[in-house]
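Hi everyone, thanks for coming. Please have a look at the structure on the screen, and then I'll walk you through it.

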Amino acid sequence: MELSINREKNLRILVTGGGGFIGGAVIRKLLLESSFYIFNLDKLSYASDLTSINKTISSLGGDCEERYKLLKVDLSNSSETHSAVKLANPDLIMHLAAESHVDKSINGPVEFIKSNILGTFNLLEATREHYEKLSYERKSHFRFHHISTDEVYGTLGIKGKFKESSQYDPRSPYSASKASSDHLVKSWYHTFGIPILVTNCSNNYGPWQYHEKLIPKIIINALNNSKIPIYGKGENIRDWLFVRDHADALIQVVSKGVIGENYCIGGNEEKTNNQIVEMICNYLDKVKPQNNSYKNLITYVEDRKGHDFRYSIDISKIKKELNWEPKYKFKDCLELTVDWYI
Ligand code: NAD
């Protein structure tokens, strides 16, 4: 896919959280499809893995190594964040860095407050200082793109979908910290004129996702012959999006989105947790058969506290205005993901 941002300009892009699952997919795409200078700001936590980026850089060769720089910075540190933004001197910022695991936010919320709220505040302040010094021309194409989640909208019953105008109603420390960061970003637009965009996306899956999340956890536990824990009755519903589709959507938004707007992104692939675990077990039974079906490993455990029942996304705005819709099919990409973990 051709990036719709002008390739000739050798723009400088700062991606935060590029050591993580989705940020890594965005950086790989930028390395492959643009000539941008890419700055990856990440504190390099337990959830980070730079292998895929490093592999992409060595396979591309040429000037790739000079176009990419890692900045090991914790956004909760204000002076480090200011220095990193100064050094990167960006034309675009894509802000993905966050503590991202709901269960961890229930057991230890403070890291979510530090990274997701204070971290976003520090980045916005560093951006404001940087933006105010830009030339008129660079100001006119500067964007701050904040990557958020559909979880800020709370939970749905069996019917209905979240859309851009849905009311915020976060119900976990993770989603509350992301909702706070969305509000901060929007207020830096209204108050200080920072040209922002916000996206709220559904659950992602694909290669390189850290094994604490549902799909890799099911696959890895099955492959290790360990119990596969499923919350409650397994009836909670999520809308799943392949990570490459998300990266494509983010590039569309940062290059063509309207300043100050938010866009909902989803996969139109609603599945219960029971359906997911069954699909994975059925596929493993086919490609890695054992004496017993992998389904025998499924164990229902006490439900997550405040477990949202259902998320679903209406993608008509991004489809109509930016001509984006998911192109990867769930079954094919789930199997591709299982193959990758094998
Ligand atoms: P991830 O946990 O895989 O990666 C997050 C990265 O951010 C890690 O490399 C981590 O080191 C870095 N980070 C965290 N706190 C930081 C800090 N204080 N300073 C610098 N770096 C820090 O997460 P992900 O799944 O790739 O999610 C990326 C973004 O997308 C998050 O903002 C998340 O809220 C959002 N999102 C994720 C999903 C999903 O299904 N994974 C869906 C919608 C939105």
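Let's begin with a definition: a disulfide here is a pair of cysteine sulfur atoms within 2.5 Å. Two ground rules as well. This is a predicted model, so local features need pLDDT of at least 70, side-chain atom pairs count only at pLDDT 80 or more, and totals for chains, interfaces and linings use all residues. Residues are numbered from 1 along each chain as its sequence is written, and side-chain values use heavy atoms, with hydrogens and water left out.

So, how many disulfides does a search of the whole structure find? It finds 0. For Cys264, the nearest cysteine sulfur belongs to Cys201 and is 9.3 Å away. The sulfur of Cys333 also has Cys201 as its closest cysteine, at 14 Å, which is too far for a bond. Are these two buried or exposed, where buried means under 20% relative accessible area, exposed over 50% and partly exposed in between, with a 1.4 Å probe and protein chains only? Cys264 is buried at 0%, and Cys333 is buried at 4%.

Now the sheet. Strands (E, at least two residues) and helices (H or I, at least four) are DSSP runs, numbered from the N terminus, and two strands pair if DSSP finds at least two bridges between them. Here we have an open sheet of 7 strands in the order 3-2-1-4-5-6-10, with parallel pairing. Strand 3 (68-72) and strand 10 (262-265) are at the edges with a single partner strand each, so one side of each lacks a neighbour in the sheet.

Finally, the core: a nonpolar core is a set of buried Ala, Val, Leu, Ile, Met, Phe, Trp, Tyr and Cys residues joined through side-chain atoms within 4.5 Å. The largest has 46 residues, and Ile38, Met94 and Ile318 have the most contacts inside it. Leaving aside residues up to four places away in sequence, Ile318 touches several residues, including Ala249, Val253 and our friend Cys264.

Methods. Contact = heavy atoms within 4.5 Å.
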